[in-house]
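Hi everyone, thanks for coming.

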Amino acid sequence: MHILANKNLANKHILLGVTGSIAAYKAAELVRRLREGGAEVRVVLSAGGTEFVTPLTFQALSGNPVHSELLDTEAEAAMGHIALARWADAVVIAPASANVIARLAQGRADDLLAAVCLATEVPVAVAPAMNQQMWANAATQDNLQRLRARRIHQFGPAEGGQACGETGLGRMLEADDIARHTAGLFDTGALAGLQVLLTAGPTQEAIDPVRYLSNRSSGRMGYAVAQAAAEAGARVTLVSGPTALATPPRVERIDVRSAEEMHTAVLARATDADIFIATAAVADYRPVAPVQQKIKKTADNLSLELVRNPDILADVAALTDGPLTVGFAAETENLLEYARDKLARKGLDMIAANRVGNGLGFEAEENALSVIDAEGVTELAQAPKTQLARRLIARIAEYFKRRLG
Ligand code: C5P
């Protein structure tokens with residue numbers, strides 16, 4: 001039951017902060033729930049947290065080493081506070097003690113968990129757990145007010161019997177509820193009711209029955225954008241070249257091989273779409289006519305005659321009743337200039353330009369984008385492709401709404 005409800009957890013990196021409260025034992029169950037939903041979990045255990053549960057418990061359940069030291073040279077070398085902050089798609093503190101809530105309210109950075117919370121751009125949530133008097137105390141309520149003003153999410157607490165024998169508000173929510181709320185952090189609703197069409201991956205252009213021309217595109221960026229669009233509430237159709245990737249939840253996938261097949265699949269659906277995002281690395285050329293039988297190695301030299309493939313993106317942009325069009329431009333130099341030229345030449349609404357080479361681009365986990373449209377340039381700083389995709393979708397949604405309004 002909870003697995004269905006938590007589809008948004010698929011492929012997510014959840015950083016779970018466990019602090020000093022008797023409810024820390026429930027965090028062990030939470031790690032399992034998050035992983036059942038498809039998330040990868042890393043645990044940061046505060047000094048208070050280690051009084052209640054051992055790092056070994058969380059290491060075994062999460063399958064990852066547990067992090068606790070801010071200034072430990074070995075730990076910093078493996079994955080320091082900045083690396084953890086960038087790794088995470090969301091930070092959830094469960095249980096969140098009165099102490100950690102006070103420390104976050106002050107913006108402190110003198111332990112690992114507090115420093116990660118300061119250093120991250122992703123959603124942060126607290127699931128409070130404390131005695132009902134401590135919960136009701138004006139100091140705690142003031143602190144939570146400050147956290148809410150900074151858009152830190154609050155899950156619970158619940159009411160009921162407490163470990164100390166008292167009854168009242170302050171019990172941490174159950175693991176199932178926290179997992180569900182965590183999944184909900186990714187539901188932005190920014191594209192609710194809209195139809196998004198995407199292309200992703202490489203294309204394969206047949207030379208003969210067993211050989212083809214292709215490129216190194218992994219499809220990762222496109223799949224991440226498709227997933228982010230689905231989480232933002234859109235109905236998503238992904239026209240994909242051959243990739244090794246799993247279809248993101250709630251995404252309709254149409255498999256194609258060649259640029260011509262991709263062109264046909266996209267044009268058949270383009271007028272129904274509100275937004276078209278072309279992330280595919282479409283082969284520019286294809287063999288004039290694939291040979292029907294496997295080519296034998298008889299001659300010393302072999303020439304292949306190639307012909308230009310249709311430009312899928314430009315054709316969608318040229319439709320009179322077409323969707324808002326977003327293209328990608330991968331460049332090794334003169335990034336903005338070449339991207340602006342592509343935007344104008346293909347008649348696009350928006351282009352996401354990324355620098356390739358030096359560890360960025362096709363086969364890399366991380367990327368950075370300069371998004372250009374009629375309103376100017378928006379820089380999306382280097383981040384894992386999944387995070388970058390969410391920021392790109394947020395930017396597209398904002399632009400789409402203004403254009404309609
Ligand atoms: O012209 P260039 O290939 O650099 O343009 C890249 C953009 O155009 C990408 O968004 C890509 O998905 C799209 N494209 C396309 N069909 C082609 C070539 C590129 O949709 N044949």
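Let's start with a word we need: on a 1 Å grid over the protein atoms alone, a pocket is an open set of points where a 1.4 Å probe fits, with protein on both sides within 12 Å along at least five of seven lines, and lining residues have an atom within 4 Å of a point. Grid points are joined across faces, edges and corners, and a volume is the space filled by probe spheres set on the points. What we have here is a predicted model, where local features need pLDDT of at least 70 and side-chain atom pairs count only at pLDDT 80 or more, while totals for chains, interfaces and linings use all residues. Residues are numbered from 1 along each chain as its sequence is written, and side-chain values use heavy atoms, leaving out hydrogens and water.

So, how big is the volume of the largest pocket? About 800 Å³. Of the 32 residues lining the largest pocket, those closest to its centre are Thr279, Ala280, Ala281, Val282 and Phe328. That lining divides into 13 nonpolar, twelve polar and seven charged residues; here Ala, Val, Leu, Ile, Met, Phe, Trp, Tyr, Cys and Pro count as nonpolar, Asp, Glu, Lys and Arg as charged, and the others, Gly among them, as polar. At least two lining residues come from each of helix 11 (220-231), helix 13 (312-317), strand 16 and helix 14 (335-346).

Helices (H or I, at least four residues) and strands (E, at least two) are DSSP runs, numbered from the N terminus. The protein has 15 helices and 19 strands.

Eight strands form an open sheet in the order 12-11-8-13-16-17-18-19, with mixed pairing; two strands pair if DSSP finds at least two bridges between them. At the edges, strand 12 (251-255) and strand 19 (376-384) each pair on one side only. Strand 11 (residues 235-240) runs parallel to strand 12, joined by five bridges. One detail to find: Ser240 has Asp255 in strand 12 as its bridge partner.

Is Gly376 buried or partly exposed? Gly376 counts as partly exposed because its relative accessibility is 27%, and that class lies between buried, under 20% relative accessible area, and exposed, over 50% (1.4 Å probe, protein chains only). From Gly376 to Val239 is 137 residues in sequence and 29 Å in space, C-alpha to C-alpha.

Finally, the whole protein: 50% of its 405 residues are buried.
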